[in-house]
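Q: Can you walk me through this one? I'd like to start with the rings.

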Amino acid sequence: MRAQDAVSVSEMAETLLLDAALENIPSGFVVWSPQFRLVMWNKHWQDLYGFSDSAIKRGMSLEEVVELSAKLGNHPGQDATTFYENYTEILLANRSGARTKSQEVLRGGRTIETALIYSEALGWIVSHEDITDEIARTENVAKRKLELERQNIRLDAAVNNISIGLCMCDPKGRLVICNEPYARIYNLPSALLRPGTQLEDILAHLFEQGMSAGSTTEEYFAWRRDVIARREYGKNIHELNGRTIMMQHHPMKDGGWVTTHEDITEQRQNEARIRHLARHDALTDLPNRIEFLEQMAKTEAGLARGEMAAVLYIDLDHFKAVNDTLGHAVGDEVIKQASARLWGTTRETDVLARLGGDEFALLLRPIESAADAAKVADRIIKAMCAPMNIGGQQVEIGASVGIAVGPGDGVKTDTLVKNADLALYKAKSEGRSTYHFFEAGMDADLQQRRSIEAGLRLALARGELRLVFQPLLGLPEDRITCVEALLRWDHDDRTISPNEFIPIAEETGLIVAIGEWVLREACQTAVTWPDDVRVAVNLSPIQFKNRDLVGVVQAALSDAGLAPTRLELEITESLLLAENETTLKALHDLRAMGVRISMDDFGTGYSSLSYLRSFPFDKIKIDRSFMADLTSRDDSQAIIKAIIGLGQSLGMTTTTEGVETAEQLALVREHGASEVQGFLFSPPLPPGALANLLHSDAAKAQTTGKKAS
C-alpha cells in the first residue's frame with residue numbers, strides 16, 4: 001500500500017506500518033471513499049484483478065477501475081457499465097455498518113468473494129478472497145457425499161432384493177449387516193438383527209428353534225469356529241421348520257466373513273422329482289427301463305451263486321388297434337389299468353417296470369422253480385383278458401408273456417433280457433394271449449430278422465439300396481414298352497433278397513421311406529430313357545396309409561421332370577381288401593394325373609374279379625405261377641386265355657410274367673397278350689446295361705421303320 005503526503009515522521013511511521021500490515025493480509029484489500037474514489041489497496045488486490053502498478057492510481061473513480069478490470073477480461077458475461085451499476089448499488093445499499101458478502105467471477109473462471117463494511121470516516125472497506133479452490137473442494141465433498149448416498153441406496157436395494165439371505169460379521173464375530181431375506185429365512189427377532197449382535201447368539205437361538213445341521217450343536221459350533229479361524233470357505237446344509245437351507249461361509253481379508261443363506265427346499269424337491277422321473281415312467285409311475293436294468297444288475301450276484309430269478313417280458317395284445325381306433329387318451333388309460341392289474345400279480349420283492357409303449361417287464365426274485373414263473377405268467381394272462389371299461393366303452397385286450405429263468409437261461413442282465421424278449425416273440429407268433437419259456441436255439445430266425453431290421457434302418461443313409469430294371473416286351477410293337485423297377489439291398493457283402501427284407505420293411509413301417517426313395521430313383525432314371533418307354537414301380541399297401549401319397553408321387557414326377565403318363569404303379573389285391581374310401585380316392589387321384597394303375601399277381605387271390613369292378617385298372621399282370629406248366633396243361637392255357645380275354649374286353653393291357661421259353665412266348669402271343677416279362681427276353685439289369693439295351697432296341701426300331709418305308 002502507498003500512503004501519500006506524510007507531514008511528519010510519526011505519520012510516516014504509522015503509514016509504513018499500515019502499508020506493511022496491508023501487504024501481509026493474505027487476501028485482496030481496497031478502500032473506496034464515500035465519493036467512489038480509490039483511497040488505498042494492497043498488492044493482493046492488484047494481482048487478483050491483474051492491475052499493473054502503473055495502471056492504478058489513488059483517486060481513481062470506481063467507474064474507471066471497473067472499465068480497466070473489464071478490459072482485462074474480468075466479470076465475463078457482463079459489460080463494464082452493467083457491472084458498475086450493480087456494484088454501486090451494492091455499495092450504496094450497505095451504509096448500515098453491517099458486513100456484507102457477495103461473489104463475482106474474474107478472468108480464468110476464478111471466483112472471488114467480497115466482504116465489505118462501510119465507515120463514515122474512510123468509506124467502504126472491501127476484502128477480496130479467491131474461493132475458487134474452496135468451492136471446488138466443497139463441491140467435491142458434496143459430490144462424494146451424494147455418490148456415497150447413492151451407493152448406499154444401491155447397496156441396500158441390492159442386498160435386500162436378492163433372493164438369498166446375506167449376513168456380514170466383523171473379525172470379532174459381531175453382526176455388521178444382514179438383509180431382509182436372511183431375517184425372513186430364519187424368522188429372526190429384531191433384537192438379533194442389530195449391528196453388533198454376536199453370531200453365536202444368533203446360532204444358539206436357531207438351534208433352540210429346532211435347526212438341524214447334520215451334527216450336534218457343539219459339533220456345529222466347533223466346525224464354524226474352525227472355518228472362521230482358518231479363514232476358509234465352508235458350506236453346510238441344514239433343516240429348519242421343514243425347510244432346507246444351504247449356508248456358504250466366505251472369508252474376508254480383514255478377518256471378517258460373509259455368509260449366504262439360500263432356501264433350497266423346492267430345488268431339492270425338484271431334484272428328487274427329476275431323479276424319480278429319470279427312473280420311473282411318467283404315465284404309470286412304474287420303474288422304467290433304466291431302473292429295471294439296475295435292479296436286474298443287483299440280481300446278478302445271486303444268480304452267480306445259484307439263486308433263481310425269472311424275467312418276464314409282457315406285451316399287450318391288440319393295443320395298437322385300440323390306440324389307432326379309439327385315440328391316445330383311451331390308449332393311455334388302457335396302459336394305466338393294465339399296469340395296475342400287472343402290479344396286482346407281483347410280490348413286494350418283485351420289480352415291475354414299463355419299458356415303453358405297451359411293453360412291460362417283471363423281475364421275479366427269488367423263486368424256487370420255473371413253475372413259479374409260469375404261475376405268475378398265467379395270472380397275468382387271465383388278469384389281462386378281463387374287459388376294461390374306459391369312458392363307457394368296453395375295451396378288450398390280452399397279454400403275451402416271454403419267460404427267461406436264471407441262472408439256467410443266463411446270469412447276466414443282457415442275456416436274460418434278450419432271452420425273455422425272444423421267448424415273448426415266440427409267444428406272440430403262437431397266437432398271443434399265452435406265455436412261452438426261452439428255449440435254446442429258438443432265436444436263430446429271430447436274430448436273423450432283427451439283424452435285417454437293424455441293417456434296413458440304416459440302409460438308405462448308407463447308400464446300400466439300389467434299383468435294377470427288368471424290361472417288358474410289347475408284343476404288337478415288338479419292342480420294349482415298359483420297364484419294371486426292382487429293389488435290391490447290398491448288405492454285409494451279400495445281396496439280400498426282397499423276399500427277406502420287404503416283409504420286415506412293411507411290418508416296421510420302413511417301407512414308407514424306402515418306397516419314396518424307390519419312386520424318386522425310378523423316375524429320375526426313367527427320364528433318361530426314350531419318351532415312349534414307361535417305368536413300373538411297386539407300391540406297398542403300407543404306403544397308402546400315408547395320406548399324402550398322391551403328393552409324394554407328384555413331387556417325384558415333378559422333381560425328375562417325368563410325364564405322369566410314363567409312370568405305372570403296381571398294386572396287389574391285398575390293398576383292396578378293406579376297400580376303404582381313402583385308398584380308392586388316392587387311386588382315382590393318381591389315375592386322374594395320368595399315372596397308370598396296374599394290378600400285380602392277378603389270379604392268385606380269391607376275389608380278383610371283384611376288384612376289377614371296384615377300380616378301372618389300366619393293366620393286369622398275370623402271375624408267373626401260371627407259366628410253369630403252361631405248355632403241358634390244357635387248364636393252365638385255358639386260364640391264361642380267359643384272363644387275357646377278360647382284360648381285352650375291359651380295355652386293359654395284359655402282361656404275362658415269368659415267360660422263360662420260346663414255347664411259352666408263342667402261346668401267350670397266340671392268345672393275345674399285350675406284354676411279356678421274363679428271363680427269355682431279359683433278366684433284371686443295372687441302369688447302365690438297361691440303357692444300352694434301350695438304345696439298341698430304339699436303333700432296331702428305327703432301322704425296321706426305315707426298311708418298311
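A: Rings of Phe, Tyr and Trp (its six-membered ring) pair if their centres lie within 6.5 Å; planes under 30 degrees apart count as stacked, over 60 as edge-to-face and the rest as tilted. This is a predicted model, where local features need pLDDT of at least 70, side-chain atom pairs count only at pLDDT 80 or more, and totals for chains, interfaces and linings use all residues. Residues are numbered from 1 along each chain as its sequence is written, and side-chain values use heavy atoms, with hydrogens and water left out.

Q: How many aromatic pairs by this rule?
A: The count is 13. F207 and F221 make a tilted one, 6.1 Å centre to centre with 35° between the planes.

Q: What does that pair tie together?
A: F207 lies in helix α7 (residues 199–208) and F221 in helix α8 (residues 217–230), so the pair joins parts 14 residues apart in sequence. Helices (H or I, at least four residues) and strands (E, at least two) are DSSP runs, numbered from the N terminus.

Q: Are F207 and F221 buried or exposed?
A: Both are buried. Buried means under 20% relative accessible area, exposed over 50%, partly exposed in between (1.4 Å probe, protein chains only).

Q: Which residues do ring pairs link into a cluster?
A: F207, Y220, F221 and W223.

Q: New topic. Where is H249?
A: H249 sits in strand β9 (residues 243–251). H249 counts as buried because its relative accessibility is 1%.

Q: What does H249 touch?
A: Leaving out residues up to four places away in sequence, its contacts (heavy atoms within 4.5 Å) include R224, Y233 and W257.
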